[in-house]
Amino acid sequence: MITLWDLYHVLTAVVPLYVAMILAYGSVKWWKIFTPDQCSGINRFVALFAVPLLSFHFISTNNPYAMNYKFIAADSLQKAIVLAVLLVWSRTSSRGSLEWSITLFSLSTLPNTLVMGIPLLKGMYGDASGTLMVQIVVLQCIIWYTLMLFLFEYRGARLLIVEQFPDTAASIISFKVDSDIISLDGKEPLQTEAEVGDDGKLHVTVRKSASSRSEIFSRRSHGPNSVSLTPRPSNLTNAEIYSLQSSRNPTPRGSSFNHTDFYSMVNGKNNNNNNNNVSMSPRQSNFGGFDEESGGGVRVNGGAGVGGYPGPANAGIFSPVAAKKKGGESGGGGKDLHMFVWSSSASPVSEGGIHVFRGGGGDYGSDQLPVGGVAHQKDYDEFGHDEFSFGNRTVANGVDKEGPVLSKLGSSSTAELRPKAQGEAKPTSMPPTSVMTRLILIMVWRKLIRNPNTYSSLFGLTWSLISFKWNVVMPAIVAKSISILSDAGLGMAMFSLGLFMALQPKIIACGNSVASFAMAVRFLTGPAVMAVASIVVGLRGVLLHIAIVQAALPQGIVPFVFAKEYNVHPDILSTGVIFGMLIALPITLVYYILLGL
């Protein structure tokens with residue numbers, strides 16, 4: 001039986017976290033102490049130092065040789081059940097989609113175990129439950145977050161292939177990705193070059209587009225026509241956990257980059273080389289592209305371009321050129337292949353989305369107006385709504401459109417794998433599985449090695465294996481250096497979450513119906529599946545209670561970071577983090593009391 005003294009212990013462990021969150025919220029919302037730039041500095045400190053060192057501290061002090069394998073099996077079985085059900089649903093249902101499968105998997109199986117779970121469960125069930133939470137954290141960081149990255153990169157690769165090789169994708173037998181590309185999330189405009197080998201198969205090279213490279217390199221000149229290119233700030237993967245700015249309406253952004261001088265310089269250089277038959281045209285927007293073969297005509301989404309080249313139904317930026325043979329000759333009258341420039345940031349972002357990665361969109365953001373044309377507000381409002389979704393969508397002016405609670409409307413992701421306009425068309429064939437797998441593994445590896453949490457988890461696990469095997473004690477000077485920052489990790493993480501909440505225009509960014517559905521998945525479906533999985537593997541008593549309560553924790557932060565970076569329902573995940581954090585304490589207390597009866 002749960003006593004008032006037990007509830008007091010739980011509140012003692014959890015309320016201080018909420019105090020830190022409320023102080024941060026008031027510092028921005030009420031007292032105006034911190035500016036957005038100052039919030040950015042705090043967020044980066046938390047992401048780069050506080051949370052990774054906190055993760056290292058918990059993992060390195062946990063004995064990996066005394067893990068509760070039944071508890072781990074129950075957690076893994078819960079995720080496997082949800083993943084299998086979503087896979088079947090996406091394959092068999094007309095409402096199924098990869099985007100919604102990823103989002104529902106995040107909502108139902110990936111709670112905020114590190115920040116909220118450890119102190120909350122310790123207050124409820126003692127220190128032993130904290131050890132179990134650390135074991136869950138290890139699996140999340142090493143296995144499940146990596147699986148999430150794999151799914152997101154698979155989605156990005158499919159979008160790239162469907163948009164650029166709609167008829168010839170099955171002939172691709174190899175991908176080569178330049179080393180400066182770390183993700184297929186669509187934030188950077190990419191171009192692909194396809195070569196036909198002797199066997200008639202395609203060998204594809206993926207590299208950054210010329211317009212993207214021009215933002216990275218700087219050219220200095222002392223002449224009257226000197227051009228200075230300012231490097232775009234690089235976004236460290238998963239570093240900017242919380243939002244710095246948010247805007248519901250598209251706002252044109254200007255650029256200090258002198259496009260006319262730069263392209264005049266490049267075109268003049270190209271004219272001196274008769275062998276170079278590609279001329280570069282100014283590009284000022286990701287909404288349209290320039291037809292390199294028809295005089296630099298601009299294409300607007302869904303309409304004809306100025307130069308007479310019609311824009312595609314799927315909003316992308318691409319310029320077809322002649323195919324090249326393996327030896328480098330022009331394709332001539334042979335197979336007509338394409339070189340495309342692809343960026344899912346060319347499409348309007350989902351409404352209510354939250355800008356997590358500052359500078360992630362660069363100076364060529366999706367909120368600029370296209371050159372030579374005007375973006376249609378109707379297209380912006382209705383972009384991407386073709387699959388499983390809800391009836392009340394938030395439009396640009398903030399008014400909710402009411403409709404059926406579950407309707408076949410669509411995903412808020414950046415691009416569509418199955419466009420409505422081509423609903424009757426034959427789906428694009430994908431390259432062989434081995435080719436796709438190799439491409440995705442390359443991209444996932446590049447993401448992981450740039451993530452500080454990857455290193456903290458692996459180093460912590462390695463040290464725990466060594467220290468508990470041979471009873472090696474960490475030198476005091478090293479332990480103190482780590483603990484001085486890791487001790488502040490929990491408080492700073494909650495403080496940064498409060499800053500994130502204060503910088504958002506709305507706590508419920510995705511609409512009331514979607515938020516209700518997301519909270520039901522988070523706090524009802526997740527614990528229910530966990531209860532079934534725990535009973536199947538034989539958990540009983542306190543262990544069963546711990547498994548159910550930890551499944552009812554609020555939404556994890558890392559899945560939201562991924563959702564924002566790849567623009568797959570970021571508004572839903574942000575609502576899960578913010579609103580879920582507000583209602584998590586009473587909900588977990590209800591579970592705690594009911595299970596203790």
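**Helices, salt bridges and buried charges**

Biologist: Which residues of helix 1 are buried?
Modeller: Buried means under 20% relative accessible area, exposed over 50%, and partly exposed in between (1.4 Å probe, protein chains only). Helices (H or I, at least four residues) and strands (E, at least two) are DSSP runs numbered from the N terminus. In helix 1 the buried residues are Val 10, Val 14, Leu 17, Tyr 18, Ala 20, Met 21, Ala 24, Gly 26, Ser 27 and Val 28.

Biologist: What kind of model is this?
Modeller: Residues are numbered from 1 along each chain as its sequence is written, and side-chain values use heavy atoms, with hydrogens and water left out. Local features need pLDDT of at least 70, side-chain atom pairs count only at pLDDT 80 or more, and totals for chains, interfaces and linings use all residues; the model is predicted.

Biologist: What covers the buried residues of helix 1?
Modeller: Contact means heavy atoms within 4.5 Å. The cover includes helix 2 (36-60), helix 5 (113-125), helix 13 (489-502) and helix 17 (570-595).

Biologist: At which residue does helix 1 bend?
Modeller: A bend is the angle between axes fitted to the seven residues ending at a residue and the seven starting there. In helix 1 (residues 4-29) the angle is about 30°, and Pro 16 follows the bend within four residues. The bend sits at Val 14.

Biologist: How far apart are the end C-alpha atoms of residues 6-28?
Modeller: An unreviewed UniProt entry lists 6-28 among its transmembrane regions, which also include 132-152 and 575-594. Such annotations use the numbering here, with shortened feature names, and may be inferred rather than shown by experiment. For residues 575-594, the span is 100% helix and its end C-alpha atoms lie 26 Å apart. Residues 6-28 are also 100% helix, with 0% strand, and their ends lie apart by 34 Å.

Biologist: What is the distance between the end C-alpha atoms of helix 6?
Modeller: The expected span is 1.5 Å times one less than the number of residues. Helix 6 (residues 127-164) has 38 residues, so it should span 56 Å. The model agrees: its ends are apart by 54 Å.

Biologist: How many residues of helix 6 are buried?
Modeller: Helix 6 bends by about 45° at Gln 140. The helix is mostly covered: of its 38 residues, the buried ones number 27.

Biologist: Which side chain makes a polar contact with that of Asp 75?
Modeller: Asp 75 lies in helix 3 (residues 69-92). Its relative accessible area is 2%, so Asp 75 is buried. A polar contact is a pair of N or O atoms within 3.5 Å; within protein, one must be able to donate a hydrogen and the other to accept it, and residues adjacent in sequence count only if both atoms are side-chain atoms. At 2.8 Å, the partner of Asp 75 is Lys 79.

Biologist: Which residue meets Glu 99 in a salt bridge?
Modeller: A salt bridge is a side-chain nitrogen of Lys or Arg within 4 Å of a carboxyl oxygen of Asp or Glu. Glu 99 has such a bridge, at 3.1 Å N to O, with Arg 155. Glu 99 is in helix 4 (residues 98-109) and its partner in helix 6, so the pair ties together parts 56 residues apart in sequence.

Biologist: How far apart are the closest N and O atoms of Lys 447 and Glu 565?
Modeller: These two residues form a salt bridge, at 2.1 Å. Lys 447 lies in helix 10 (residues 433-448) and Glu 565 in helix 16 (residues 557-566), so the bridge ties parts 118 residues apart in sequence. Lys 447 is buried at 0%, and Glu 565 is buried at 3%. The closest N and O atoms are apart by 2.1 Å.

Biologist: Which residues are linked in a network of salt bridges?
Modeller: Asp 178 bridges to Arg 207 at 3.3 Å. Asp 178 is in the loop between strand 1 (172-177) and strand 2 (190-196), and Arg 207 is in strand 3 (residues 202-208), 29 residues apart. Asp 178 is buried at 15%, whereas Arg 207 is partly exposed at 22%. The network links Asp 178, Glu 193 and Arg 207.

Biologist: What share of the protein's residues count as buried?
Modeller: The protein has 17 helices and 12 strands. Of its 597 residues, the buried share is 53%.
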